[in-house]
Amino acid sequence: MSKTVLNQAPSRDFSFVPDVSVVIPVYGCSSCLEELTERVLAAVKNESRTVEIIFVDDNSPDQAWERILELSQLHAEVRGLKLSRNFGQHAAISAGIARARGRAMIVMDCDLQDIPEEIPTLLAELKEDVEIVLGQRIERQDTWFKQAGSRTFYRTLGWLTDTNYDPSTANFGAYSRKVIDAMNAMPETDRFLPLLARWTGFRTVRTPVVHGERTVGKSSYTLSKLLQMATRIALSFSDKPLRLVMSASFALAGVGLCVAAFAVYRYLMGDVRVAGFTSILASVWLVGSFLMASIGVVGLYVGRMHNETKRRPQYLIWRDSWSNDNA
């Protein structure tokens, strides 16, 4: 493929800082990319803003990388990143965020359910005292099963992390440069954009946006995958599972003491005639309860050490459409 730039623009210069970076993870929707690019460019340029579009190919199975390369030749604002393997949607978003140069950033999906024409609406709410604007899908154009899976995911994640999540919001949103830099500095291994943005503590507002129907491909998230992701994220961002084990161990210890005391009482009252029964029963319950409590305490310390020492992985960028190695 020719590497001649058909539409040279200042955004090819890495010293140039665009007004807006649009980060889009790509998986299974290569046929949407041309329309998505044109609509994003039109929406942002109508606001007289400069823009860069960063497509992150998460090892999409439909030759999306070749399409991204073509678009990067046609539009100087388009940049493509190809991950070395499929790391997952939020890992792809993190790889794009790490390379976003804009003064503000938009994150959106590639399937056109996030309407590009809503980008100005999000940017308009990104004011001096507002650092994060989330698109609120008032009327979701998804199947009942998809919506039920989403609600289950957010409720499970909220319970495991002791936080409240609004299932009408997802990744589609606008973020200031301050938030971009804060998220890039976070060392978390398991990346989840809504939780990372929430943790920063910057003022967040929600604004209603139109949600489009999915016309190409289908979601790769099943209910089981969503629940697995919620559990994995909770284990990375919260010690509540360890605290639950700790609480259960103390509850069992209390039950064990009661059972042991009852066994001794029965022995003293002459109800137990089998030699050694009382001591064996009391020993099993007491020792088991002590071990459970000990494991719970050790788990809390291990969890704390893990949170303090983990490092954010470098998602391997196999190819960059702006580099010399883009064949």
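I'll start with His90, which is found in helix 3. Keep in mind that what you see is a predicted model. His90 is buried, because its relative accessible area is 7%, under the 20% limit for that label.

Now the overall picture. The protein has ten helices and eight strands. It runs to 327 residues, and 47% of them count as buried. The exposed surface comes to about 16700 Å², with carbon and sulfur atoms supplying 58% of that. Take the contacts between residues at least 6 apart in sequence: 82% of those join residues at least 24 apart.

Next, helix 6, which covers residues 177-185. Which of its residues are buried? They are Val179, Ile180, Met183 and Asn184. These four cover an arc of only 130° around the axis, so they sit on the same side of helix 6. The general point is that an α-helix has 3.6 residues a turn, so residues three or four places apart point the same way. What do the buried residues of helix 6 pack against? Two helices are on the list, helix 3 (89-98) and helix 7 (193-200). The strands they pack against are strand 4, strand 5 (132-137) and strand 6 (169-176). Helix 3, to remind you, is where His90 is found.

Strand 4 takes us to Glu117. This residue lies in the loop between strand 4 (104-107) and helix 4 (119-125). Leaving aside its neighbours within four places in sequence, Glu117 is in contact with Arg39 and Ala43. Arg39 is 78 residues away along the chain, yet the C-alpha atoms of Glu117 and Arg39 are separated by 7.1 Å. The side chains of Glu117 and Arg39 are joined by a polar contact of 2.8 Å.

Last, the aromatic rings. How many aromatic pairs are there? The count comes to zero, taking a pair to need ring centres within 6.5 Å. The charged end of Arg85 sits over the ring of Phe87, and the distance to the ring centre is 4.0 Å.

That is the tour; I'll take questions.

How values were computed:
Residues are numbered from 1 along each chain as its sequence is written. This is a predicted model: local features need pLDDT of at least 70, side-chain atom pairs count only at pLDDT 80 or more; totals for chains, interfaces and linings use all residues. Side-chain values use heavy atoms; hydrogens and water are left out. Buried means under 20% relative accessible area, exposed over 50%, partly exposed in between (1.4 Å probe, protein chains only). Contact means heavy atoms within 4.5 Å. Accessible areas come from the Shrake-Rupley method with a 1.4 Å probe; for residues, only the protein chains shown count as cover. A polar contact is a pair of N or O atoms within 3.5 Å; within protein, one must be able to donate a hydrogen and the other to accept it, and residues adjacent in sequence count only if both atoms are side-chain atoms. The arc is that of the directions from the helix axis to the C-beta atoms. Rings of Phe, Tyr and Trp (its six-membered ring) pair if their centres lie within 6.5 Å; planes under 30 degrees apart count as stacked, over 60 as edge-to-face and the rest as tilted. A charge sits over a ring if NZ of Lys or CZ of Arg is within 6 Å of the ring centre and within 35 degrees of the ring normal.
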